[in-house]
Each structure stands twice: as C-alpha cells, then as structure tokens.
Amino acid sequence: MKIFLDSAELEHVELAASYGILDGVTTNPSLIKKAVASRQQRGEDVDLQAYLCRLLEKAADVPVSLEVIGTRRQEMEKEGMLLFGRFNPVADNVTIKVPVNPSLTENGNGHYEGVETIKALADRGIPVNCTLVFTPEQALLGAKAGASIVSPFAGRLDDYLREQNQQDFAKEDYFPADGLEQGNVRDDNGVVSGIDLVGQCVDILAESGLTAEVLAASLRNPRQVREAALVGAQIATLPFAVISRLLVHPKTIEGMQGFTRDVVPEYAQLFEEKKVKSEE
Ligand code: G3P
C-alpha cells in the first residue's frame, strides 16, 4: 500500500520525503486553511501561489492532490484546469481533487456535477482524485467517470455511525472494522465501518474491471491504517502525526533501552576504529 501525506504543511512534506516513505500528498481547503493559519501565527505573510509551488517542488517525484472549491460543473471544471495549468508545470505532479457530489443540500442542485467534472477533466488527460466518497456506489460512479483515484473517508464514516448512536469519542479512537457490537444504528446502508467502506470500494471497482486506485482517507490511528491495507486499499493518506505513530511500540522502546544499556566498551570501540579509518 502506498503512503500519502494528508497535509499542506511544507515541513511535513519535507520530513516525510526525507524519510523515503512519501508516495504522494493530499490537500484540501481545510488543510490549506490550517497551513496558512499556522504560518500567519508565526508572523509570516503567505503568498499561497508561491507556497504551493514550494510544496509541489518538495514533493517533486510524487503526485499531489489540489482540490477545486466550486459546487457547479462549469466552475469546478474551470478551477481544475486553472489549478492544473498553473501548478502542474512546477513539478509535473498535480492531481485534481473533485468531490463526487458537490451538492450542499440533499435535495439541492448538482448531484451529478461532480462526475460530469471528473469526466471533463479526465477527457483532457488531467488526473482526478474523486473525493468525499461515503458509499461504494459513489466510488463506482467516480471511477467510471474517469477518476484515477477514489477517496473513501473512513474515519468520518465511523464518526457518522457513532454520532447516530450518541456515542462520545475522540477523533483518534479506534472503531472496530467489523462494526459496532451494540447500538441502534449498526450500519450505514450496509456499511458497518469506515474500513468496511474502503473494502467495499476496493471490491466493487475490482468486480467492475475498473483500474482506479482506492485511497483510504480520514484515517486516524495505526490499526486503521493496517486494516485499510488488509482490505486492499492501494493508497492510504495520513496526517503526519499518524505516520509518526506507525513506528511506536513499547516493546521496541524497551528493546532499544536494553540494547543500548548492554553495549560493552569492546563493542563500542569497533565503531570508533571504523570511524577513525573512514575519516583517514
Ligand atoms: O483526506 C481527508 C482528510 O483530510 C479528512 O480527515 O480526519 O479530518 O476526517 P479527517
């Protein structure tokens, strides 16, 4: 499974790239707002265009998703072309993120305008990440319209189920992949958890012979990342804090403490001699 960084923070992109683990970057308007606010708090004036160019350069070898902001086909298509035309020349790595259904209300206009936009951009050869996916059917239509990536939001689907059961929870709390054992609302139209949503998206695309990659988004803890991989997600996008937590286990720390404590001077000297030789 590929690991994408879900962040618009330059420092995060730089660090993840330096670790050699960065397969891509995803941003959205909320992440850009956060990155801009954190720079402004440090007293910086943010020229967003220049900032995004730097971000694309830092992530030069991997795809970076930039999202449109409109809610109607014509504006989203125009925005997608503008973002791609302006930013893809920087490092040839821009993917345009388009919501699967940009309608702001359930009965509002525009249910199909996301897929129309996906088709229009894909027809122009622009890679599209179909976002805000909460059902396997949305993933199917997004992929059929031409998206190369579809992004189910696992954590937010878990939030939705917990909210309907009036459960208290913290954002990073683990939610069982097999669903809740108790509660009045145990599934969302046949989907029992965010991970189940990811798995059903993987299956429905495979069954339909569609090659779009499933990107598990809104992942909040390491176990969820593992489970996304095990249900076949091709990509997981993670906030920097979750990437860091993937490396932590108390027995790893305990083992390090023991190994460090047990280094005898003779063993330590080996490295000193090597150091001396390599410096010569
Ligand atoms: O990629 C989508 C992501 O940014 C949403 O994450 O944790 O706010 O639901 P979250």
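This is a predicted model: local features need pLDDT of at least 70, side-chain atom pairs count only at pLDDT 80 or more; totals for chains, interfaces and linings use all residues.
Is Glu113 buried or exposed? Buried, with a relative accessible area of 5%; by buried I mean under 20%, exposed is over 50%, and partly exposed is in between, using a 1.4 Å probe and protein chains only. I'll come back to that residue in a minute.

Residues are numbered from 1 along each chain as its sequence is written, and side-chain values use heavy atoms, with hydrogens and water left out.

We've got twelve helices and eight strands, where helices (H or I, at least four residues) and strands (E, at least two) are DSSP runs numbered from the N terminus. The C-alpha atoms fill a box of roughly 75 × 50 × 40 Å along the principal axes. There are 280 residues, and 43% of them count as buried. As for contacts, meaning heavy atoms within 4.5 Å, take the ones with a separation of 6 or more: 61% of those come from residues 24 or more positions apart.

Now the ligand. Which residues are around the ligand? They are Asp6, Asn28, Phe153, Arg156, Lys171, Ala217, Ser218, Arg220 and Thr237, going by a heavy atom within 4 Å. That shell splits into two nonpolar, three polar and four charged residues. In that scheme Ala, Val, Leu, Ile, Met, Phe, Trp, Tyr, Cys and Pro are nonpolar, Asp, Glu, Lys and Arg are charged, and the others, Gly among them, are polar.

Look at the oxygen atoms of the ligand. The side chain of Asp6 has an N or O atom 2.6 Å from one, a polar side-chain atom of Ser218 sits 2.7 Å from one, and for the side chain of Arg220 the distance is 2.9 Å. On its own the ligand has 310 Å² of accessible area, and the protein covers 90% of that; areas here are Shrake-Rupley with a 1.4 Å probe, and for residues only the protein chains shown count as cover.

One of the ligand's neighbours, Phe153, also touches Thr131. Thr131 lies in strand S5, residues 128–133, and is buried at 1% relative accessibility.

On to salt bridges: a side-chain nitrogen of Lys or Arg within 4 Å of a carboxyl oxygen of Asp or Glu. The whole structure has 14.

Back to Glu113, then. Its side chain meets that of Arg72 in a salt bridge, 2.7 Å from N to O. The two are 41 residues apart: Arg72 is in the loop between strand S3 (64–67) and helix H4 (73–91), and Glu113 is in helix H5, residues 113–123. Arg72 is partly exposed at 37%, whereas Glu113 is buried.

Helix H5 also carries Glu116, which pairs with Arg73 in helix H4, 43 residues apart. Glu116 is partly exposed at 35%, and so is Arg73, at 25%.

Elsewhere, Lys58 and Glu14 form a bridge at 2.8 Å, linking helix H3 (residues 48–58) with helix H1 (residues 10–18). And last up, Glu11, Arg39, Arg42 and Glu44 are linked in a network of salt bridges. That's me done.

Key: A polar contact is a pair of N or O atoms within 3.5 Å; within protein, one must be able to donate a hydrogen and the other to accept it, and residues adjacent in sequence count only if both atoms are side-chain atoms. Lists of a residue's contacts leave out its neighbours within four places in sequence.
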